[in-house]
Amino acid sequence: MPSIVVIGAQWGDEGKGRVVDTYAEQADLVVRSQGGSNAGHTVFVGEKQFALHLIPTGIIRGKRSVIGNGMVVDPEYLLREMAGLEADGVPVRPHLLISENVTLVTPYHKALDRANEERLGDRKIGTTLQGIGNAYMDKYGRMGIRAIDLLDEPTLRERLRENVEMKNVLLTQVYGAAPLEFEPMLAAFLDYAEQLAPMIADTALLINQALAAGQRVLFEGAQGTMLDVDFGTYPFCTSSNPVAAGACTGAGVSPKLIDRVVGVAKAYTTRVGSGILPTQVDDPTAERMRPIGREYGTTTGRARRIGWLDLVVLRKAALLSAPDSWAITHLDVLDDFDSIPLCTGYRCGGRTLELFPNALYQLADCEPIYEHLPGWRQPTSGAHKLSDLPDNARRYLDRVTELTGTPVSMVLVGPRRDQTIVVGETWG
Ligand code: IMP
């Protein structure tokens, strides 16, 4: 079984970093295919915490790691992340490859992201201010600058000049913001070019060669299904495709070559940024769960909103990505409840919704329908296999399987690597 796609089934922050880290142990190649430095994937190695944003999590295990064409990459951020990892003793340069076709994030994307959020005021998306949406706008508007452009100074100069000129009109005349200077930006990009050049490659070719040679390729999704630009809670979403199919276009791999999809879901739900969270819990309950689940954004430090597990969301993820199994994370955060609500549908006037709708106005007057499952009131953090879990914890997982039609292949019961329950073989 040479290829696995790991995706987020909720609003991101599901704990994909830990799940990817588990599969990465036996992988040959780990590939990110969408998103950018808006992502934050956390892995603990012993007491040491690593937070990855642009670099695939596989780097921590010394695996060949690919920044795929579907990502948007801020070169300054990337070099800083590389330096941070190398200072922590993780070799990056020998293992990291960057797609020639990847779109670069520039200072004007970040300036425009900030200016637009300020313009929106109360209606803001609550972006990570990493310039993600603006970089994807340029990609799809066919005016982006790609990593391969860094390798040819005249091309870089011309494309950057044209963009800075245009973006300065937007910044100053539409948003009333300060313009950006071209020459210092070009000098910085020429410096990035020199540093990154040895890693820039035709990664689609390399990934396909690895698959053809029978190597194990792991695709590391970022964000989550409900943040997908096509299927998420638009416009309160990101600008890429976190659904499983995004791995194909974002890496240059045919759907025929994907063997397995794993959907990652927290045992409850969280969300950062603006937008609806139908199962949101009251503040005292959130305060109780937040420190145990470390529910603060890895990229922005913002406190995440918390809700009960929402199967309307998971069914949507199952529909769009057809996961072979779920990896359920943060189960230990539910250890201390007498009863645990599980959202099985939404009641909307006289109708019941079982699948998340495509427009937010369709959720007006909707309320979650809850089934209340008995809690287990015992620590799960020492469990190493399913049979170590309390009966009610296993019942909770079984109910998720029954109501989504998807089995559970992994359960995480704490932040450490050894707090991972794998059902069967990881790579099967
Ligand atoms: P952007 O991707 O920075 O444009 O942000 C758009 C929305 O997606 C905001 O609500 C962000 O909080 C959310 N978002 C983006 N990346 C992540 C992530 O990795 N985890 C959770 N939320 C994210």
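View 1. Along the principal axes, the C-alpha atoms fill a box of roughly 65 × 50 × 40 Å. Within it you will find 11 helices and 20 strands, both taken as DSSP runs (H or I over at least four residues for helices, E over at least two for strands). Please keep in mind that this is a predicted model, where local features need pLDDT of at least 70, side-chain atom pairs count only at pLDDT 80 or more, and totals for chains, interfaces and linings use all residues. Residues are numbered from 1 along each chain as its sequence is written, and side-chain values use heavy atoms, leaving out hydrogens and water.

**View 2. Here is the shell around the ligand, with 15 residues.** The closest include Asp13, Asn38 and Arg302; a residue counts as near if one of its heavy atoms lies within 4 Å. By residue type, the shell has 6 nonpolar, 7 polar and 2 charged members, with Asp, Glu, Lys and Arg as charged, Ala, Val, Leu, Ile, Met, Phe, Trp, Tyr, Cys and Pro as nonpolar, and the others, Gly among them, as polar.

View 3. Asp13 places a polar side-chain atom 3.1 Å from a ligand nitrogen, and a side-chain N or O atom of Gln223 lies 3.2 Å from a nitrogen atom of the ligand. Val272 uses a backbone N or O atom, 3.5 Å from a ligand oxygen.

Note on methods. Polar contact = N/O pair within 3.5 Å; in protein donor to acceptor, adjacent residues only side chain to side chain.
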